[in-house]
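Please keep the structure in view while reading.

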Amino acid sequence: MTTVTESVDPAQERLRRWRLVLGGDAADGTGCALSGQDAAMDGALTALYGRGDGIKGRGGRERSAGLGASAPSVARWLGDIRTYFPSSVVQVMQRDAIDRLGLSALLLEPEMLEAVEADVHLVGTLLSLNKAMPETTKETARAVVRKVVEDLEKRLATRTRATLSGALDRSARINRPRHHDIDWNRTIAANLKHYLPEYGTIVPERLIGYGRASQSVKKEVVLCIDQSGSMAASVVYASVFGAVLASMRSIDTRLVVFDTAVVDLTDQLDDPVDVLFGTQLGGGTDINRALAYCQSQITRPAETVVVLISDLYEGGIRDEMLKRVAAMKASGVQFVTLLALSDEGAPAYDREHAAALAALGAPAFACTPDLFPDIMAAAIEKRPLPIPDTE
């Protein structure tokens, strides 16, 4: 039996793909006609990306993007793209539809939410619409958000707990360890001067080990999260990580969100969905005020890690902000500045403020969710941070 792949003419397939990319206007030059599923895919793409600058469609008319004003037509379109494209492409197209065609308001309708492909960016959009959301939609919206949060927890929780548990064990080093708690690499390095060449061995005078993290609190972590609109994905990931950290008895976790006001959501950390719906994306930024609050909550500075997640566009008092960071570091706090906690890379950010923080020994950089456990482990152990290349 001849397979589909064997029957496709490569030259014709290239023309087909170019035809889908160019949209079929008279100037596309392919001369390729679409039918069946290809024509349906073309219609779904045209509805979103049809408008061009000066591009004319058939009959000299300007092509125009649009899904119609009604929820049913958008719901049908959402169903179409899920049929024709893989999930990763569907998520991008949904994002573009919201940005290009102003479909945010339609997400306030439950039937629309049930039709979309849920991801971190959709959660950010829903959170920004939270205050405008009618009661009939909130239950559906929470279900959508919870699905995304649960998927993220499955992906991130196990490795985060394992990585940080190891870091907590290593950070609790003792000088009289039991045999199975001896850190042999550090013990050997500390006793090289006691090497006995005639016996070909080292006689250690000082053992270095690490105690196992007990049920008591070993470290305190403060997540201080900028909830301005550009930080939506970071807010989602930080809330999930906050819940994971809060589940570890050896870490006392506090989660603070801010714009021009400061809100402590620590009491809701057992459910990251509650945390997310307690945020208010958008508005101004007062990092100094947020750090002032965080600083007031620190009781054991030498055992505390403060993680500021912000693009550093400060609307408050810049010099006071920097003095506050310097004071926390001088007291023994491990201070970490993340420009973003997402898969999107470094966002637009205030480079002057980032340079000023770096001069204080708190370099600012973007961090992916997969790297975050390693960043936290290094901070807990007071090692240099594994800073990725942000260029």
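1. How many disulfides does the count come to by the rule that a disulfide is a pair of cysteine sulfur atoms within 2.5 Å? The count comes to 0 disulfides. Cysteine 294 is in no disulfide, and the nearest cysteine sulfur, which belongs to cysteine 224, lies 3.7 Å away.

2. A word on the basis of this note: the model is predicted, so that local features need pLDDT of at least 70 and side-chain atom pairs count only at pLDDT 80 or more, while totals for chains, interfaces and linings use all residues. Residues are numbered from 1 along each chain as its sequence is written, and side-chain values use heavy atoms, with hydrogens and water left out.

3. Cysteine 294 is buried, because its relative accessible area is 0%, where buried means under 20%, exposed over 50% and partly exposed in between (1.4 Å probe, protein chains only). Cysteine 367 is likewise buried, with a relative accessible area of 1%.

4. Strand E6 (residues 251–258) pairs with E7 in the antiparallel sense over 3 bridges, and phenylalanine 258 has valine 262 in E7 as its bridge partner.

5. Valine 21 belongs to helix H2 (residues 10–22), helices being DSSP runs of H or I with at least four residues. Valine 21 counts as exposed because its relative accessibility is 62%.

Conventions:
Disulfide = S-S within 2.5 Å. Pairing = 2+ DSSP bridges. Helix = DSSP H or I, 4+ residues; strand = E, 2+ residues; numbered from the N terminus.
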